[in-house]
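Please look over the sequence and the model below before reading on.

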Amino acid sequence: MTHDELLSKLFPASHNVIVQDGLVFGGGTLGGSQPVHVIGVAERSFLGVEGAIALAKHVLSAVKGTARHPILVLVDSRSQHMSRHDELMGLNEFLAHLAKCLLLAAAQGHRTVALLYGGSAAGAFIATALACDTLLALPGANPEVMDLPSIARVTKLPLEKLQEMAAATPVFAPGLENFAQTGAVAQTLDPAGDLAAQVLEALSRPPASDERDRLGAERGGRPRAAEIATKVCREAKTA
Amino acid sequence: MSQATTKTQRRVSWFEATARQRLAALLDPGSFTEFLGPAAREISPHLALFSLPAQFDDGIVIGKAKLRGHEVFAAAQEGRFMGGAFGEVHGAKLVGLLRAAKAASRDAVLLLDTGGVRLQEANAGELAISEIIRAIVDLRTGGHSVIGLIGGRAGCFGGGGIIAGCCTRLIVSEPGRISVSGPEVIETNRGVEEFDSQDRALVWRTMGGKHRYLTGGADCFVDDDTAAFRAAAIENLAGRTPLTVSVLEAEQARLKARLRRFGTAKDGSEVWQALGVTNPASVPGMDTEEFLNAVRAVRESADDAR
Amino acid sequence: MAIVGVVASGNLEALFERTDDESACRVEISTAAHGFQPLWEAVLRDFVARGAGGLRISINDGGARPDMVALRLAQGLRLMQGPEA
């Protein structure tokens with residue numbers, strides 16, 4: 001689904017969402033009933049220091065407003081911008097800042113929902129989609145940490161062998177289905193149905209806490225994480 | 001490095017120490033209680049698929065302890081096992097520790113030493129990093145501090161760098177490197193013209209401890225010495241305030257100002273020049289005392305806008 | 001309980017735990033390097049001969065050479081004989 005198609009489905013009446021240098025800003029009335037702030041990354045862009053600070057500014061100004069409208073984060077990105085300039089400027093602080101802004105917005109009472117409709121990877125994924133309370137996705141979305149050929153290079157394993165292994169476990173290979181199984185993606189939406197209604201429905205069910213490890217255990221993509229975290233908490237209490 | 005030293009105590013290198021040695025040197029003697037220690041044998045369930053050996057603690061040691069009498073929750077990554085990278089169990093141990101710290105109303109100290117996500121369990125590692133960030137923010141908005149200590153072999157890369165950026169305060173030594181894309185990652189993706197990962201001096205000028213301290217990416221610069229890390233951790237733990245929207249507004253202004261002021265610089269030395277360091281070329285060769293004296297008046301402080 | 005070493009290239013970790021059986025020393029080795037059984041047995045025979053009864057030793061091997069194995073075993077045994085073990 002293209003960015004424009006997505007917007008027309010989410011905001012059938014009108015919206016003022018713009019795309020500037022691959023960054024998404026604006027707002028609209030979801031399904032004609034629920035006002036939302038919108039940020040995001042479009043056109044499979046890389047997210048660098050300039051992009052992260054611009055998005056964070058928009059989140060902070062939403063938080064400064066009196067209304068606690070939800071913040072919708074639309075994501076079709078690549079990874080963080082890999083460059084000497086970005087690292088010289090301290091990209092880690094910029095991405096952390098954006099993630100913190102989204103998390104603080106949630107703590108201030110804004111629902112934060114990301115909709116992954118394209119790609120996303122690595123640091124850009126962590127600072128946008130994964131920093132929201134709820135991550136929704138559309139079929140065809142392609143989240144990844146690193147593509148398989150690169151993983152093959154780093155692990156020094158033949159690509160064919162990796163592809164074979166990827167079929168047996170969701171834990172390392174790219175793709176929406178794998179990420180859904182690990183609990184990252186709360187729900188995959190039906191593109192043929194009323195998208196706005198589906199997002200509104202998700203907005204009405206805020207998770208009480210970070211449920212992703214429990215989801216990952218239920219879906220089998222992260223067999224141990226939830227149990228380990230629970231065991232640690234239990235030991236900490238009795239120690 | 002200057003050879004002149006008047007210290008009578010034997011210096012113990014943080015860089016060379018293992019995760020367990022670092023914890024032992026950092027925390028009050030005998031105060032550490034480990035959670036899910038090696039005897040629990042909670043190893044990675046995924047490494048065997050890659051015919052890789054497991055480690056009983058999956059490369060991270062977690063527990064509670066005292067830091068000059070103050071009870072803290074502590075975690076130390078072992079940079080020599082799988083490059084200190086985050087896998088499912090490794091990450092979940094830190095998630096659990098941070099959640100437990102919140103439940104117990106305690107501060108946390110994180111001894112970060114990581115190449116980022118463990119590719120053999122990449123999706124689980126990436127998600128764990130996101131959960132860790134959320135747990136850190138939860139802890140901090142509740143008024144507790146999370147202090148990051150960086151000076152290990154593996155540096156602090158990938159999602160580890162983003163975790164560092166979420167800490168209340170960061171203590172770094174010269175060998176400590178903090179970045180998202182590591183040198184090899186930039187070179188592989190963008191070519192050697194963009195970044196020559198073999199050029200060690202370039203690596204340190206771009207992401208090394210001194211550069212981060214000079215630009216406000218770290219709050220405290222110490223010798224590669226476990227005793228110095230301990231003293232700094234004690235000092236930086238005291239008197240912190242909760243993470244609020246105002247802190248983030250101040251961080252927004254701070255980062256924006258950094259881009260405005262240094263955004264056109266091509267190299268670390270140009271940034272230091274713009275800061276007003278008298279002789280930027282001499283910065284990499286200075287020992288800790290010289291360096292701190294030379295930059296004290298000109299460095300950008302984060303002023304708790306983190 | 002004592003733990004020594006790390007799982008890295010040319011290194012290993014050894015976990016030492018006490019058992020009730022003073023007459024036996026049980027050693028479990030997990031390694032990706034195959035074909036070195038006689039070497040392991042030689043190193044372990046030397047080690048056990050020095051009195052390691054009542055111990056369970058679990059090793060994760062990163063491809064350590066015999067001298068490294070002997071060093072780690074000696075370090076672990078010393079810790080187990082120390083006041084805190």
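Buried area is the accessible area, found with a 1.4 Å probe, that two parts lose on being put together, summed over both. In this predicted model, chain B and chain A bury about 6600 Å² between them in that sense, while the area buried between chain C and chain B is about 1100 Å².

**Chain B on its own**

- Chain B holds eleven helices and seven strands, and its C-alpha atoms fill a box of roughly 55 × 45 × 45 Å when the box is taken along the principal axes.
- A compact globule of 306 residues would have a radius of gyration near 19 Å, and because chain B has 19 Å, the value agrees with that expectation.
- Of the 306 residues in chain B, 64% are buried.
- Among the contacts in chain B with a separation of 6 or more, 73% are accounted for by residues 24 or more positions apart.

**Where chain B meets chain A**

- This contact draws 84 residues from chain B and 74 residues from chain A, and 66% of the area buried between the two chains lies on carbon and sulfur atoms.
- Leu119(B), Asn123(B) and Arg134(B) together supply 12% of the area that chain B buries against chain A, which is more than any other three residues supply.
- Twelve salt bridges are found across this interface, one of them between Glu251(B) and Lys100(A), whose closest N and O atoms are 3.2 Å apart.
- The interface of chain B and chain A also has 37 residue pairs in polar contact.
- On the side of chain B that touches chain A, helix H3 (residues 122-141) of chain B gives the largest share, with 14 residues, and by class that side divides into 39 nonpolar, 22 polar and 23 charged residues.

**Where chain C meets chain B**

- Here 14 residues of chain C are in contact with 13 residues of chain B, and carbon and sulfur atoms give 61% of the area buried between them.
- One salt bridge is found across this interface, in which the side chains of Glu17(C) and Arg41(B) meet at 2.6 Å, N to O.
- Five residue pairs are in polar contact across the interface of chain C and chain B.
- On the side of chain C that touches chain B, the elements giving two or more residues are strand E2 (12-18) and strand E4 (55-61) of chain C, and E4(C) provides the largest share, four residues.
- That side of chain C has seven nonpolar, three polar and four charged residues.

Note on methods
Residues are numbered from 1 along each chain as its sequence is written. Chains are lettered from A and ligands numbered from 1 in the order in which they are written. This is a predicted model: local features need pLDDT of at least 70, side-chain atom pairs count only at pLDDT 80 or more; totals for chains, interfaces and linings use all residues. Side-chain values use heavy atoms; hydrogens and water are left out. Contact means heavy atoms within 4.5 Å. A salt bridge is a side-chain nitrogen of Lys or Arg within 4 Å of a carboxyl oxygen of Asp or Glu. A polar contact is a pair of N or O atoms within 3.5 Å; within protein, one must be able to donate a hydrogen and the other to accept it, and residues adjacent in sequence count only if both atoms are side-chain atoms. Ala, Val, Leu, Ile, Met, Phe, Trp, Tyr, Cys and Pro count as nonpolar, Asp, Glu, Lys and Arg as charged, and the others, Gly among them, as polar. The radius of gyration is taken over C-alpha atoms; the globule rule is 2.2 Å times the number of residues to the power 0.38. Buried means under 20% relative accessible area, exposed over 50%, partly exposed in between (1.4 Å probe, protein chains only).
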